[in-house]
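Subject: Handing over the structure

Dear colleague,

Here is the structure that I promised to pass on to you. Please open it beside this message, so that you can look up each place as you read.

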Amino acid sequence: MSKLWGGRFTKDTNKLVEELTASIAFDQKIANEDIQGSLAHVQMLGERKIISEEEAKEISEGLLKVKEKLEKEELTYDVANEDIHMNIEKFLIDEIGPVGGKLHTGRSRNDQVATDMHLYLKNHTYQIIDLVEAVQSAIVSQAENNIDTLIPGYTHLQRAQPISFAHHLMAYFWMLERDKSRLIDSLDRLNWLPLGAGALAGTTFPIDRERVAELLGFDEVYPNSMDAVSDRDFILEFLSASSIMMTHISRLSEEMVIWSSQEFQFIELDDSFSTGSSIMPQKKNPDVPELLRAKTGRVYGSLTGLLTVLKGLPLAYNKDMQEDKEGMFDTVETVEGSLQLLAPMIETMEVKSENMYQAVSQDYSNATDIADYLVTKGLPFREAHEVIGKIVLYAIESGRYLLDLTLDEYKKFHELFEEDIYDVLAPENVVAARNSTGGTSQQQVKLQIEKAKKMLSKA
Ligand code: ARG
């Protein structure tokens, strides 16, 4: 089988070597981007008279024909042609004859593959940003329905202070907002065009890189051809941003698993987002959040994998860099798939507000408020803390909650206690009292949701 680069060789490639070096099994995902890049390149070659206008036209039409045939699955990739770039070039030559061989003038697979990857990632970054916003909208709509729903807030997974359930959910809105802004920020760098760098040193042909950038929708061209072909930071950035985002998705998923347990019973996942057990008929398992939590691992793996591939590479292109692809494709699929599931899962979950309320009224999470009460009446916080500690111990020992103690009992601990202590202790008031900016009070949560909605509508 003759190779596109076969001229210098006297022997056929070993079969196993062919399999090792070929990337066609996975890089066929960037077929469209490859054709898109070639169309722009060939147009520029024609405009600059590096090839004739007729040849450029013939090649463009040939590429479009190849694209059409690929879409109709009329062409079969051949591992002997190694990767997507050479497979497409081969299809093109089969389609229009030797003139197809002029497409690769002034170009190398090194700047070509980097360009394809930029195009692919740019496209998916926009898609992922949209999907993040869909999850944010789902969070906002659940939050709006649950401003007055109270739930214990936890630290160390011990009940700490009661909060609005909307406040808890909205915390994830802001995490996703940062995730989104990391992705948006990465677009600045994704918008640099590598094409025209040649194999590493540029090209002898009078190409016009700015023109290709314009045709492909890039803002800038890489100013250094060596950097252009050896840079994979843009993929690392995507994998890092995705890893952080998956951390957030995993934390939310973990909470959903906990909240839907028998012990908590704070939410119930919709039947359409749950699965059963093959042996225990009573079970409704939170497989979806469990898998989202678990899928985080492969995204971290891809980040670590690529960092490791790149860390010792001398400039410029090395074949090692072909290993940038599968992890990136897998991450795109994992992140897109996870976000697609998350939005409807949040939207359809049932919030069991009575159970949540029961939890906030049957605990000692209003203890800080009694301390604050004494502080308002003039006692230093440290002393108040000590007094309340004793009251909590007394209440626990007598099997009651803080709202159940009588005023006489309170007065035994400190003479500053009055009848108004009971207002302070009601969970609604405990929440409403945390009215500092960004706090959990119903009023602050409403402001927060308003701000979030404004940001979403601007996006
Ligand atoms: N399939 C290769 C990759 O993904 C394309 C670049 C090949 N360049 C080379 N000099 N062998 O990295």
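What follows is a walk through the findings, from the whole chain down to single residues.

Please keep in mind that this is a predicted model, in which local features need pLDDT of at least 70, side-chain atom pairs count only at pLDDT 80 or more, and totals for chains, interfaces and linings use all residues. Residues are numbered from 1 along each chain as its sequence is written.

The whole chain

The chain has 19 helices and six strands, where helices (H or I, at least four residues) and strands (E, at least two) are DSSP runs numbered from the N terminus. The radius of gyration is 31 Å, well over the 23 Å that the globule rule gives for 459 residues, so the chain is more spread out than a compact globule; the radius is taken over C-alpha atoms, and the rule is 2.2 Å times the number of residues to the power 0.38. Along its principal axes, the C-alpha trace spans about 100 × 50 × 40 Å.

Of the 459 residues, 39% are buried, and a residue is called buried if 20 or more other C-beta atoms lie within 10 Å of its own, exposed if 12 or fewer, and partly exposed in between, with C-beta atoms placed from the backbone. Among contacts between residues at least 6 apart in sequence, 76% join residues at least 24 apart, a contact being two residues whose C-beta atoms, placed from the backbone, lie within 7 Å.

Domains and annotations

The chain is divided into domain 1 (6–105), domain 2 (110–358) and domain 3 (366–458), with bounds that come from an automatic or database domain assignment. The C-alpha centres of domain 2 and domain 3 lie 38 Å apart, and 18 residues of domain 2 are in contact with 16 residues of domain 3. On the domain 2 side of this meeting, the elements that give two or more residues are α6, β2 (158–164) and α7 (165–190), and α6 gives the most, with six residues. By class, that side has nine nonpolar, five polar and four charged residues; here Ala, Val, Leu, Ile, Met, Phe, Trp, Tyr, Cys and Pro count as nonpolar, Asp, Glu, Lys and Arg as charged, and the others, Gly among them, as polar.

Residues 7–301 are 61% helix and 6% strand, with end C-alpha atoms 39 Å apart, whereas residues 364–432 are 65% helix and 0% strand, with end C-alpha atoms 17 Å apart.

Around the ligand

Which residues surround the ligand? They are S23, D27, D83, H85, R109, N110, V113, Y317, K319, M321 and Q322, where a residue is near a molecule if its C-beta atom, placed from the backbone, lies within 6 Å of it. This shell has three nonpolar, four polar and four charged residues, and it draws at least three residues from each of domain 1 and domain 2. Helix α6 (residues 109–145) gives the most to the shell, with three residues.

One of the shell residues, H85, lies in helix α5 (residues 84–96) and counts as buried because it has 26 C-beta neighbours inside 10 Å. Leaving aside its neighbours within four places in sequence, H85 is in contact with D34, R109, Q112 and V113.

Backbone details

Most residues other than glycine have a negative phi, and most peptide bonds are trans. In this model, however, a cis peptide bond joins L315 and A316, with omega about 5°, and A316 is found in the loop between α11 (287–310) and α12. H156, which is not a glycine, has a positive phi of about 55°, and phi of L157 is likewise positive, near 55°.

With best wishes
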